[in-house]
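Please examine the sequence and the structure shown below before reading on. The briefing that follows is arranged by topic.

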Amino acid sequence: MMNGLIADTAERMFSDHVDRGVLDAAEGGEFPVALWDVIRAAGLHLVGSPGSGTADADLYGLLTIAGRHALPVPLAEVLAANSFLEENGMTTVAVDGVAPWGRVADRVLTVDGDVSADFDVSEGANLAGESRDRITLRNACRVDLPAQFYERMALSRVALMAGALDRILAMAIDYATEREQFGRPIAKFQAVQHNLAILAGEVAAARCACDGAVMSARSPNFAVVVGAAKARVGEAAGIAAEIAHQVHGAMGFTHEHSLHHFTRRLWAWRDECGRETDWQERLGRQVASRGADSVWEFVVGVG
Amino acid sequence: MTMFAGLLFEPTRLPGEAEVLRAEVRDFVVRELPPDYWPNSDFNEGHSPDFSRKLGERGWIGMTWPKRFGGGERTFFERYVVTEELLAAGAPVSAHWIADRQSGPLLLNYGTEDQCQRYLPRIARGECFFSIGMSEPNSGSDLASVRTRAERVSDGWVVNGTKIWTTDAHRNHYIITLVRTEPPSENRHAGLSQLLIDLRGKGVTVRPIRNLAGGEDFNEVVFEDCFVDDDDVVGEPGNGWTQVTSELGYERSGPERFLSAFRVFVEFVRAVGNEPAPAEAALIGRLASHLMTLRRMSISVAGMLQKGGSPVVESALVKSLGNDFEKLLGELVRLQAPPGHAGLEKCLRQTLLHSPSFTLRGGTREILRGVIARGLGLR
């Protein structure tokens, strides 16, 4: 379970400092300096780092809250880097040569274990408009990455998605409860209720898959469990975003409504650090290699 | 942290003692099932009083009940492990399933000391099997509309009416029957009661109903002036609705709600071999990722039951997701099944023919979604 004080601090801080204006400005390429400053001042950028007295549950719990607020800073990357490197300004992480907010970072670490403060940046964005800059390192040093560093990055996406899923469920319920058609709130229509029930199921499943992966963070099965979680939560993201939009009608399709801040992130994050099929294939090969009569043992064994 | 009470699946791990049990169950199943036994992970398939009795001897029925009623005073986690191992192995568990899962717990919660003494030890020994008397020809999902009625006589009740879709009524011993003990009033949930009735007693006629797969598992049960002693009223007369809904947490959250098609998965892996093509591997991985997640959810609900909770919404969520998965599994495997694998073909046929029941039995998909929607505050 996550430390309640960290959770409360983060929830309050992100509620206070992340709004439409900040999100839109970040999409326009403007790094939210004020937000990053309060995060650093509170020490949230060091959650999960050695000597911080915090655990995996705190780190990924914090990312879940970040996802719930569409936090427009590279917190997942900074936490991953700070979890084993001495803090030295903002360190972002490049996966396949692409790093969030490379343009403002002091250092870039790659998932292959190269790190450098000297790099070229070509600015880019994912489909949510989040900074995803192409990085070319110069004068890189090798560092010893923690075990399964890429899987940890994948888990950060799982946690972010779990948070965003939670948010779109809340938004869809609020909207359906307020929006009236045919003389009553659309939440009173069975068709809408059933869609929201499906949405809730996917959100709950995603949350459980995420929690399970976090619980396994120190176990030998971590890679398998993260892969399963990334695949399952990626599926949930697609189904849930579709329903949330359907419930919100044309209003949710506008730029003005903030639903897209979350649904576009879900669409982007399910592709980052391995799509569903990438992880499914990997997992499927592992299951098959043990043989048919060990399928059950495999599923149970990874916990 | 999530805002909805019904979505709070606390991360839960099976404790060590539950895992110890796992190996014992696996050994037992290998030893006790004949070599030519064809496994079926659907909990409704395979009715074997003999196998149930052996499970009873091992202490694997009524595991969570008090010892003085023949139970094992073990945890819901231990019970969870036993049930999921039996289902995954495709063991024949239908005979004792309902008695163990819900009739026993119902008697424990609402029954008299005398009822518990009379029935629970026999259930736990695997000698006494129960059916559920809820649905009627004109009352399916709308359970509160049941018309089977019990009229007061001097030392008991006289029951008239018909129950339907009663699994294994033709080979089980008792049926806990939801009846109207008062005429319908404005409060539709008032005036309902549960009676424990001997399926072989006077005034009870059981007629098997053939299903589309050719099997005869479910039945029509007709009560004609069937006398029920006061001693066999379960709980307070009039409290039937509360009691019936309290059974649902037990009924809906278990591994039987996502493992019905599991043997198809196993046979698919066998058919594609150790080095599957990319699409085959992806399907195996997809199914495994769902299964792993559903297990977590179901284990989390076992934890809620262990703490004495009544996780009605969470159970509806597990069943709803689980049933959809059971149906999806067969459909996805069908499209990628390599030809020429008799075992896989047999499993697929069996699963497809039974699949309509997955999202009907124990609460239809539509009812479950309504329960979830209520949990979300929409109704």
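Which residue is the bridge partner of Ala99(A) in β6(A)? The partner is Asp133(A). The model is a predicted one, and this pair belongs to the contact between strand β2 (residues 98-99) and strand β6 (residues 133-137) of chain A, which run antiparallel and share 2 bridges. The points below begin with the sheets of chain A, continue with its helices and domains, and end with chain B.

**The three-stranded sheet of chain A**

- Strands β2, β6 and β5 of chain A form an open sheet in the order β2-β6-β5, and its pairing is antiparallel.
- Because β2 and β5 of chain A are at the edges and have a single partner strand each, one side of each is left without a neighbour in the sheet.
- Strand β5 (residues 119-122) of chain A is joined to β6(A) by 4 bridges in the antiparallel sense.
- Within this pairing, Ser122(A) stands opposite Arg134(A) of β6(A), and Asp120(A) stands opposite Thr136(A) of β6(A).

- Strand β4 (residues 114-116) of chain A pairs with β7(A) in the antiparallel sense over 2 bridges.
- In that pairing, Asp114(A) has Arg142(A) of β7(A) as its bridge partner.

**A pair of packed helices in chain A**

- Two packed helices are described by the angle between their axes and the distance between the axes.
- For helix α6 (residues 149-178) and helix α9 (residues 259-269) of chain A, the angle is about 145° and the axes are 9 Å apart.
- The crossing of α6(A) and α9(A) is left-handed.
- On the side of α6(A), the residues that make the contact include Leu160(A), Met161(A), Ala164(A) and Ile168(A).
- On the side of α9(A), the contributors include Phe262(A), Leu266(A) and Trp269(A).
- By class, the contact of α6(A) with α9(A) comprises 10 nonpolar residues, 1 polar residue and 3 charged residues.

**The two domains of chain A**

- The domain assignment divides chain A into domain 1 (4-142) and domain 2 (149-301).
- The C-alpha centres of domain 1 and domain 2 of chain A are 22 Å apart.
- Their contact involves 21 residues of domain 1 of chain A and 24 residues of domain 2 of chain A.
- The helices α2 (20-27), α4 (56-68) and α5 (75-82) of chain A each give at least two residues to the side of domain 1 that touches domain 2.
- Helix α4(A) gives the most to that side of domain 1 of chain A, namely 9 residues.
- The side of domain 1 of chain A that touches domain 2 of chain A has 14 nonpolar, 3 polar and 4 charged residues.

**The domains of chain B**

- Chain B is divided into domain 1 (9-129), domain 2 (132-239) and domain 3 (244-375).
- The C-alpha centres of domain 2 and domain 3 of chain B are separated by 30 Å.
- Between these two domains, 7 residues of domain 2 of chain B are in contact with 6 residues of domain 3 of chain B.
- On the side of domain 2 of chain B that touches domain 3 of chain B, 5 residues are nonpolar, 2 are polar and none is charged.

**A residue of helix α10 in chain B**

- Val313(B) is part of helix α10 of chain B.
- Is Val313(B) buried or exposed? Val313(B) is buried, because 24 other C-beta atoms lie within 10 Å and the cut-off for a buried residue is 20 or more.
- Val313(B) and Ile372(B) are 59 residues apart along the chain, and their C-alpha atoms are separated by 5.6 Å.

**The contact between chains A and B**

- This contact takes 42 residues from chain B and 41 residues from chain A.
- On the side of chain B, two or more residues come from each of α8 (262-272), α9 (278-306), α10 (312-336) and α12 (365-375).
- Helix α9(B) supplies the largest share of that side of chain B, 16 residues.
- The side of chain B that touches chain A consists of 26 nonpolar, 9 polar and 7 charged residues.

Notes. Residues numbered from 1 in each chain as written. Chains lettered and ligands numbered in written order. Predicted model: local features only at pLDDT ≥ 70, side-chain atom pairs only at ≥ 80, totals over all residues. Nonpolar A, V, L, I, M, F, W, Y, C, P; charged D, E, K, R; others polar. Axes fitted to C-alpha atoms, helices over the stretch in contact; angles between N-to-C directions. Left-handed = near helix turned anticlockwise from the far one by under 90°. Domains from an automatic or database assignment. Pairing = 2+ DSSP bridges. Buried ≥ 20, exposed ≤ 12 C-beta atoms within 10 Å, placed from the backbone.
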